Amino acid sequence: AWGGEAAAGFEGPPEAPDAPPAADATGYYGIPVISKRVCFLVDASVSMGKPSAADERRGKSGPPRIAAAKRELAQTIGRLAPEVRFNVAFFNDRVDAWRGKLARADEGKKKEALAFIENYNPVGGTNLYDSLVLALDESDADTLFLLSDGKPGSGTFMEPDSILREITKKNRRLRIVIHTVCVGEPVAWLRELAAQSGGVSVQR
């Protein structure tokens, strides 16, 4: 869904929720999933087949980054409340969404999503900008979780400063909260992307 290759005014972050999430709230890499309309956008480029940054620094050949990302995503989806509507999309040179629109998190849809996640393997380049644009335009979510190693390799814009500038400009109207998870070396622009939308950024 969303189909084919990634397609070629922000006024401040949305208001904070009235109360903090409960201690047992569903989370994605420790970021609470508070929204009832959420999309998970996960980097599935070839670089996600590498071991984690920590394993690389130690010279170890641990499990690939995509394996940990898929495991965490599956656990998060498994804990979503039935009233939540969600979608999952992987991206490399193109975007491949599980569904064309958000789906309710009932047990049947969760099983379908988990099968979609399990069967996905990393390949191709990293078109971060156009994938983000497509997710913002097509997902119908008010909260987006972006997971990437933060190294754009293709797309309309490839310089991180340009991606940050253009996505922030686009999100002025949409006002979508963007949380970011970086699974490579620390990436400042992913932290800034989250901060400018009222989101949270974590390093893994």
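**Aromatic pairs and helix packing in a predicted model**

The count of aromatic pairs comes to nine. This is a predicted model, and its protein chain has an average pLDDT of 87, with 87% of the residues scoring at least 70.

**Aromatic pairs**

- Phenylalanine 40 and phenylalanine 145 form a stacked aromatic pair, at 5.3 Å centre to centre and 25° between the planes.
- This pair links distant parts of the chain: phenylalanine 40 lies in strand β3 and phenylalanine 145 in strand β7 (residues 143-148), 105 residues apart.
- Phenylalanine 40 has 0% relative accessibility and therefore counts as buried; phenylalanine 145, at 1%, also counts as buried.
- Tyrosine 129 and phenylalanine 157 form an edge-to-face pair, because their planes stand at 80°, with the ring centres 4.9 Å apart.
- Tyrosine 129 sits in helix α4 and phenylalanine 157 in the loop between β7 and α5, so that the pair links parts of the chain 28 residues apart.
- Tyrosine 129 counts as buried at 10% relative accessibility, whereas phenylalanine 157 counts as partly exposed at 23%.
- One aromatic cluster is formed by Tyr28, Tyr29, Phe40 and Phe145.

**Helix α2 with helix α3**

- Helix α2 (residues 65-78) packs with helix α3 (residues 107-118) at an angle of about 175°, the axes being 10 Å apart.
- That angle makes α2 roughly antiparallel to α3.
- From α2, the contact is made by Lys70, Leu73, Ala74, Ile77 and Gly78; from α3, by Lys110, Ala113, Leu114, Ile117 and Glu118.
- By class, the residues of this contact are six nonpolar, one polar and three charged.

**Helix α4 with helix α5**

- Helix α4 (residues 128-138) and helix α5 (residues 160-174) pack at about 5°, with 10 Å between their axes.
- That makes α4 roughly parallel to α5.
- On the α4 side, the contact is made by Leu128, Tyr129, Leu132, Val133, Leu136 and Asp137; on the α5 side, by Ile163, Glu166, Ile167, Lys170 and Leu174.
- The contact of α4 with α5 has eight nonpolar and three charged residues, and no polar ones.

**Confidence**

- The pLDDT is below 50 over residues 7-24, a stretch with 26 contacts in the model beyond near neighbours in sequence.
- Where pLDDT is low, the predicted coordinates should not be read in detail.

Note on methods:
Residues are numbered from 1 along each chain as its sequence is written. This is a predicted model: local features need pLDDT of at least 70, side-chain atom pairs count only at pLDDT 80 or more; totals for chains, interfaces and linings use all residues. Side-chain values use heavy atoms; hydrogens and water are left out. Axes are lines fitted to C-alpha atoms, for helices over the stretch in contact, and angles run from 0 to 180 degrees between N-to-C directions. Helices (H or I, at least four residues) and strands (E, at least two) are DSSP runs, numbered from the N terminus. Angles under 35 degrees count as roughly parallel, over 145 as roughly antiparallel, 65 to 115 as roughly perpendicular and the rest as oblique. Contact means heavy atoms within 4.5 Å. Ala, Val, Leu, Ile, Met, Phe, Trp, Tyr, Cys and Pro count as nonpolar, Asp, Glu, Lys and Arg as charged, and the others, Gly among them, as polar. pLDDT is the predictor's confidence in each residue, from 0 to 100. Rings of Phe, Tyr and Trp (its six-membered ring) pair if their centres lie within 6.5 Å; planes under 30 degrees apart count as stacked, over 60 as edge-to-face and the rest as tilted. Buried means under 20% relative accessible area, exposed over 50%, partly exposed in between (1.4 Å probe, protein chains only).
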